[in-house]
Amino acid sequence: MAVATSSSQVLNNVEAVRATLYEALKADDKVVILGEDVGNRGNVFLITKDFVKEFGTERIIDTPIAEASIVGIAVGMAMEGLRPIAEIQFADFIYPAFNQIVGEAAKTRYRSNGEYTVPMVIRTPYGGGVRGALSHSVSVEALFYHVPGLKIVVPSFPADVKGLLNAAIDDPDPVLFLEHKKTYRLIKGEVPDGHYVIPIGKANVKKEGSQLTVVSYGLYVHWALEAANQLEGDGMSVEVIDLRSVRPMDKTAILESVRKTRKLLIIHEDNKFGGIGAEISAMVAEEALFDLDAPIRRLAAPDVPAMGYAMPLEEAYMSSPAKMAEAMRDMVKF
Amino acid sequence: MATTITMPQLGETVTEGTVERWIKKAGDPVEKYEAFLEVSTDKVNSEVPSPVTGTIRELLVQEGTTVATGTPIAVIDEVGAATSPTQVQVPSKSAESASAPPKSRDAMAESANAEPVPGFNIPQLEVKSAAASSGAPAKVPPHSNGQREEAALRGVSPAVRRLAREHHVDVRNVRGSGANGRVTADDVLAAAKLTPRGTAKAGPGNTSTYADPIPGTTIALSSMRRIIAERMVESRKTAPHAWSMVEVDVTNVWEWRKREKDRFERDTGVKLTLLPFFIRAVVESLAVFPLMNSKFIADGPAIHVEKDMNIGIAIGLPANLVVPVIKHADKLSIKGIALAAGDLIDRARRNKLSADDLKEGTFTVNNTGANGSLASAPIINAGQAGIVTMETVVKRPMVMDDDAIAIRYMMNSCLSLDHRVVDGYVASGFLADLKKRLESMGPRGAL
């Protein structure tokens with residue numbers, strides 16, 4: 001269990017986001033936050049509670065319900081030298097801002113031949129398993145990871161939240177920062193004090209193993225670790241990699257692990273077709289086919305339009321430590 | 001409780017079988033219905049499922065040995081037997097039931113119950129359906145369909161292939177520790193340690209496999225390859241081969257196929273190739289020239305004219321050649337032929353043909369054009385009067401009846417014939433008829 005020390009404290013993921021934003025606002029007055037209910041309401045998860053009292057309405061900006069404007073305004077701010085952190089209240093509402101993210105934020109550096117960059121962060125809570133039904137459950141990473149010029153970060157642990165959010169704020173280019181809302185208060189961990197950065201694009205081997213490589217990110221990293229630890233008791237050795245960034249992707253870490261274990265299972269909450277797992281599979285097939293001792297397997301959500309509200313539908317959509325353990329066992333034994 | 005396993009009868013006319021490979025070794029656990037040995041006969045290679053769950057106590061017959069059906073070949077120590085059969089002959093249906101793995105053990109149990117085989121005592125089934133077991137956990141852990149299918153493939157993985165090549169290990173000699181006896185990468189590495197490096201290097205005394213030949217080594221023939229060699233020599237020596245070829249304008253049938261192929265594949269899951277059109281024309285021509293569908297009986301001597309038209313299709317595989325048969329092809333539509341051929345080709349590639357699939361052919365079609373061949377001189381399948389090929393389809397400028405030049409899809413068709421049965425007169429008549437039929441097919445019609 002995480003223990004607070006003189007140089008660290010135990011935080012959950014929502015507290016880690018809040019602490020990091022607060023420190024960024026204190027350290028650099030170019031940092032501004034804008035989004036729906038980020039000011040007086042203090043964000044729906046209370047991440048920015050009371051920020052407006054300390055930093056004022058010019059830096060903590062309540063916006064109308066207009067996602068295209070939130071991102072569009074942030075792009076303009078970033079081009080002119082500010083460090084905006086735009087919030088999309090739920091990832092499910094990001095679609096109106098698609099053009100501002102894909103067409104503008106991601107392309108401005110290229111379009112202006114490097115004269116302008118867009119150093120902005122778009123933070124948004126995503127993911128299911130919280131009875132959020134079809135408008136508060138989606139995973140949006142695969143919709144954006146096709147786009148060059150955009151970085152996509154999906155931290156799972158409080159210490160990673162802080163290090164990667166700092167990296168995202170420092171980054172000269174736009175970063176989509178996805179926070180799994182089921183982990184918000186569920187996951188607690190030690191977070192070092194002070195400013196530190198975890199480089200974007202570096203995966204983290206959370207558990208070493210020799211018989212199977214499991215690659216995951218977000219909430220499912222925690223479940224995959226639970227399943228892998230359970231299998232450890234049965235004498236099976238599974239390596240679990242927390243991707244942390246889905247773009248850029250840490251190919252080296254994945255290939256190194258697959259070359260060792262010779263088997264690859266990719267687990268994600270997003271649906272399977274054209275998902276992150278498809279890219280990882282293709283990459284490994286291209287680079288390491290002759291190291292594979294079993295077909296690559298993906299454990300992912302079914303191709304249905306949305307996660308249902310009814311409990312059985314949500315359970316059918318979501319994976320679980322038990323489902324993951326079964327897939328891992330099959331692959332180890334193959 | 002010990003159960004003695006005897007050599008199964010793989011086909012009604014088969015009297016003996018060769019133990020091609022023991023998938024399980026003495027001491028290995030084996031589950032009921034799990035493949036535990038590979039048997040080859042002169043017709044087919046087939047995996048044989050275990051009739052009981054238990055542990056292999058003893059293998060009584062060495063790999064490569066041929067014994068009569070009914071001969072004891074192994075002893076399995078049975079686990080939790082409800083009945084006490086002392087001798088179990090693996091059912092002859094085994095090839096088929098192994099070829100299409102049921103979706104679940106329940107389905108398997110149903111099919112086993114629905115088709116009891118004489119002499120095969122089915123013990124109390126160990127796995128009940130969830131409903132029948134009233135919530136009690138099944139004794140055997142459930143497996144996903146995906147795993148079952150993957151296990152059924154039992155393929156040599158890319159890593160195993162590479163490691164076996166690097167370490168000069170013959171995968172067939174490696175004991176598999178993976179699912180269903182699959183050889184894993186670790187198995188190859190363990191085997192490589194047992195074979196000191198250097199000793200397995202290429203040399204005239206060393207062996208490699210047919211599918212993976214290593215220069216400077218000798219390949220020990222599998223019984224399948226030995227049979228192929230014997231059959232080819234026999235046919236070439238006894239049947240005086242004559243040869244003829246026609247050039248066929250397949251433009252119309254090509255267009256027809258093009259029009260139908262997407263919908264056909266969507267509806268049936270089977271690719272629509274030129275083969276079923278060709279076979280349909282062949283059976284129609286055989287009806288006009290029944291002598292082409294007959295066989296020479298040397299000890300008569302006599303010529304037996306066949307009643308049925310069973311068309312063999314030659315299928316080349318990495319390690320051998322099989323000629324499964326479309327029975328009563330003359331009774332099938334083009335669609336029927338396409339489905340029958342699609343099924344045979346699919347099962348041939350998965351090594352899941354049964355002995356019955358290879359029996360009773362009366363005439364053979366060989367799609368030599370698949371790899372671009374323009375003409376070929378095939379060897380007749382022994383016991384038949386002829387074999388006809390489909391060569392590659394190419395676009396050529398052709399002079400038409402009205403002296404116009406047109407771009408047409410052209411295909412050669414070659415015929416090898418047993419000159420004891422038919423003369424050039426009949427053979428050329430057959431080829432001319434076949435050409436006429438193919439050229440008048442399409443460009444539209446019902447499949």
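**View 1. Helix 8 of chain B and helix 10 of chain B lie oblique to each other****.** This is a predicted model. Helix 10 of chain B covers residues 424-439, and its axis is 9 Å from that of helix 8 of chain B. The angle between the two is about 135 degrees; angles over 145 would count as roughly antiparallel, so the pair is classed as oblique. The crossing of helix 8 of chain B with helix 10 of chain B is right-handed.

**View 2. Residues where helix 8 of chain B meets helix 10 of chain B****.** Helix 8 of chain B brings Phe278(B), Ala281(B), Val282(B), Glu284(B), Ser285(B) and Val288(B) to this contact. From helix 10 of chain B come Phe430(B), Asp433(B), Leu434(B), Arg437(B) and Leu438(B). Sorted by class, seven residues of the contact are nonpolar, one is polar and three are charged. Residues three or four places apart in an α-helix point the same way, because there are 3.6 residues a turn.

**View 3. Helix 8 of chain B along its length****.** The helix runs over residues 275-288, which makes 14 residues. From first C-alpha to last, helix 8 of chain B reaches 20 Å, close to the 20 Å expected at 1.5 Å a residue. Helix 8 of chain B is mostly covered, with eleven of its 14 residues buried. Among the buried residues are Leu275(B), Pro276(B), Phe277(B) and Arg280(B), as well as Val283(B) and Leu286(B).

**View 4. Helix 8 of chain B crossing helix 9 of chain B****.** Helix 9 of chain B spans residues 334-349. Its axis and that of helix 8 of chain B come within 8 Å and cross at roughly 120 degrees, and the two helices are therefore oblique to each other. This crossing, too, is right-handed. On the side of helix 8 of chain B, the contact is made by Leu275(B), Pro276(B), Phe277(B), Ile279(B) and Arg280(B). Helix 9 of chain B contributes Ile334(B), Ile337(B), Ala338(B) and Ala341(B). Eight residues of this contact are nonpolar, none is polar and one is charged.

**View 5. The side of chain B that touches chain A****.** Here 14 residues of chain B are in contact with eleven residues of chain A. Helix 3 (145-153) and helix 4 (158-166) of chain B each supply at least two residues of this side. Helix 4 of chain B gives the most, with four residues. By class, the chain B side has five nonpolar, six polar and three charged residues.

Key: Residues are numbered from 1 along each chain as its sequence is written. Chains are lettered from A and ligands numbered from 1 in the order in which they are written. This is a predicted model: local features need pLDDT of at least 70, side-chain atom pairs count only at pLDDT 80 or more; totals for chains, interfaces and linings use all residues. The expected span of a helix is 1.5 Å times one less than its number of residues. A residue is buried if 20 or more other C-beta atoms lie within 10 Å of its own, exposed if 12 or fewer, and partly exposed in between; C-beta atoms are placed from the backbone. Axes are lines fitted to C-alpha atoms, for helices over the stretch in contact, and angles run from 0 to 180 degrees between N-to-C directions. Angles under 35 degrees count as roughly parallel, over 145 as roughly antiparallel, 65 to 115 as roughly perpendicular and the rest as oblique. A crossing is left-handed if the near helix is turned anticlockwise from the far one by less than a right angle, and right-handed if clockwise. Two residues are in contact if their C-beta atoms, placed from the backbone, lie within 7 Å. Ala, Val, Leu, Ile, Met, Phe, Trp, Tyr, Cys and Pro count as nonpolar, Asp, Glu, Lys and Arg as charged, and the others, Gly among them, as polar.
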